[in-house]
Amino acid sequence: MTKRAIITGITGQDGSYLAELLLAQGYEVIGVVRRSSSPNLWRIEHLLDRVTLRPADLLDQLSLVRIIQDVRPDEFYNLAAMSFVPASWDQPLLTGEYNAMGVTRMLEAIRQVDPGIRIYQASSSEMYGRVREVPQTELTPFYPRSPYGVSKVFGHYITVNYRESYGMFACSGILFNHESPRRGLEFVTRKVSDGVARIKLGLADHLSLGNLDAHRDWGFAGDYVRAMWQMLQQEQADDFVIATGVAHSVRELVELAFAHVDLDWEEHVRIDPKLLRPAEVDHLIGDAAKAKQELGWEPSVSFQQLVAMMVDADLERLSSPSGHRAATLQPRF
Ligand code: NAP
Ligand code: G4F
């Protein structure tokens, strides 16, 4: 029998890769989209004839109940969130509505309609914040450093709680940063790859950044969505850290990206104090030993390959005739 999956956040980076993966596995894929006055489907344009899009919103409990009742999925992947950390200081209440209450609405809707549906919740390494242990595992205590991180801790524990209270098959993936050419322009890897490509092509002369000393454990999004799916194929629901186990600084990211196109980063990067955060997460590095052992998961793309992939994709996009319009738009953050 064909399996059916609902993905919230299908228009986002991870949603697009997960939809591709599930379609390749023979799933029927139903994507949740929230209404927007202008289309926001560029990441899934190539999939539109193979996925079904349905309107619903994490803010609207009844819309979630309705879609679950209509679709009756086998699996539900909750990837929707307010996912940009700096925005969570500007809109802490809305961040909580999406990332904390939104997860509870989703869990309640599933419990009400069919508690047998398997659930994936998108938790985050941001929950470790001011880290209590190096590297971070499933057992490392959380110490979030932003309203985003705090909201994700709620989302994580409410998922664990529904599993333990109601016996629901609810997994929480604690994913470290993962990137791709489909990453939003406001996140640092994509901001750098886009900035490097613009400078190389003569469309810009500098790139403004914040804290170059922060370290992240960066992997490729295509590898990370595979782990989401693997979690829901296990006999028991559980939580897993997904990470490469290697950390790099933002400075290393910048050096590598500029060097890839034979440019000296120090001639083009400016530090803008406005881009520093009220509270920073200095150093994240994950230990994915449990996922490797129990899921057989392994990352396949190195940091160096990831940076090259992203810079090359932005060079190609901005060089193409259709990329011309995009080239005239500056990143907003
Ligand atoms: P993303 O590109 O920002 O995508 C977020 C998605 O959520 C978009 O499709 C967005 O829809 C949707 N969304 C936001 N609010 C919604 C609402 N109220 N109702 C319905 N949909 C809503 O994020 P991503 O990088 O793919 O990340 C996916 C998930 O993993 C997020 O929960 C994120 O917090 C988490 N995560 C990401 C990483 C990472 O490194 N990428 C690491 C750990 C955890 P619109 O297109 O309409 O805005
Ligand atoms: O790319 P970032 O904005 O990602 P951040 O804050 O680590 O969050 C991402 O990963 C989380 C997993 O840990 C996800 F849960 C979350 O949804 C999101 O996907 O920033 C990375 C680092 C930070 O330390 C930041 O201060 O880069 C530093 N940075 C330096 N200059 C910058 C900039 N970040 C951004 N966005 N823009 C800059 O100009």
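Colleague: How far does a backbone N or O atom of Ala-81 lie from an oxygen atom of ligand 1?

Modeller: A polar contact is a pair of N or O atoms within 3.5 Å; within protein, one must be able to donate a hydrogen and the other to accept it, and residues adjacent in sequence count only if both atoms are side-chain atoms. For Ala-81 and ligand 1, the separation is 3.2 Å.

Colleague: What kind of model is this?

Modeller: Residues are numbered from 1 along each chain as its sequence is written, chains are lettered from A and ligands numbered from 1 in the order in which they are written, and side-chain values use heavy atoms, without hydrogens and water. Local features need pLDDT of at least 70 and side-chain atom pairs count only at pLDDT 80 or more, while totals for chains, interfaces and linings use all residues, as this is a predicted model.

Colleague: How much of the accessible area of ligand 1 does the protein cover?

Modeller: Side chains also reach the ligand: a polar atom of Arg-34 is 2.8 Å from one of its oxygen atoms, and a polar atom of Lys-152 is 2.9 Å from an oxygen atom of ligand 1. On its own, ligand 1 has 900 Å² of accessible area (Shrake-Rupley method, 1.4 Å probe).

Colleague: Which element gives the most residues to the shell around ligand 1?

Modeller: A residue is near a molecule if one of its heavy atoms lies within 4 Å of it, and Thr-11, Asp-14, Asn-40, Ser-83 and Tyr-148 come nearest among the 24 residues around ligand 1. Helices (H or I, at least four residues) and strands (E, at least two) are DSSP runs numbered from the N terminus. At least two shell residues come from each of α1 (13-24), β5 (118-124) and α5 (147-166). With three residues, the element that gives the most is β5.

Colleague: How many residues of helix α7 are buried?

Modeller: Buried means under 20% relative accessible area, exposed over 50% and partly exposed in between (1.4 Å probe, protein chains only). Among the buried residues of α7 are Tyr-224, Trp-229 and Met-231. The helix spans residues 221-231 and is largely enclosed by the rest of the structure, because the buried count out of 11 is 10.

Colleague: How many residues apart in sequence are the parts that Tyr-17 and Phe-220 tie together?

Modeller: Rings of Phe, Tyr and Trp (its six-membered ring) pair if their centres lie within 6.5 Å; planes under 30 degrees apart count as stacked, over 60 as edge-to-face and the rest as tilted. By this rule there are nine aromatic pairs. Tyr-17 and Phe-220 form an edge-to-face one, 5.7 Å centre to centre with 75 degrees between the planes. Tyr-17 lies in helix α1 and Phe-220 in strand β10 (residues 219-220), so the sequence separation of the parts is 203 residues.

Colleague: Are Tyr-17 and Phe-220 buried or exposed?

Modeller: The charged end of Arg-182 sits over the ring of Tyr-17, 4.0 Å from its centre; this needs NZ of Lys or CZ of Arg within 6 Å of the ring centre and within 35 degrees of the ring normal. As for accessibility, Tyr-17 and Phe-220 are both buried.

Colleague: Which residue lies over the face of Tyr-166?

Modeller: Tyr-162 and Tyr-166 lie in helix α5, four residues apart, about one turn of the helix. Tyr-162 counts as buried at 7% relative accessibility, whereas Tyr-166 counts as partly exposed at 41%. At 4.1 Å from the ring centre of Tyr-166, the residue over the face is Arg-111.
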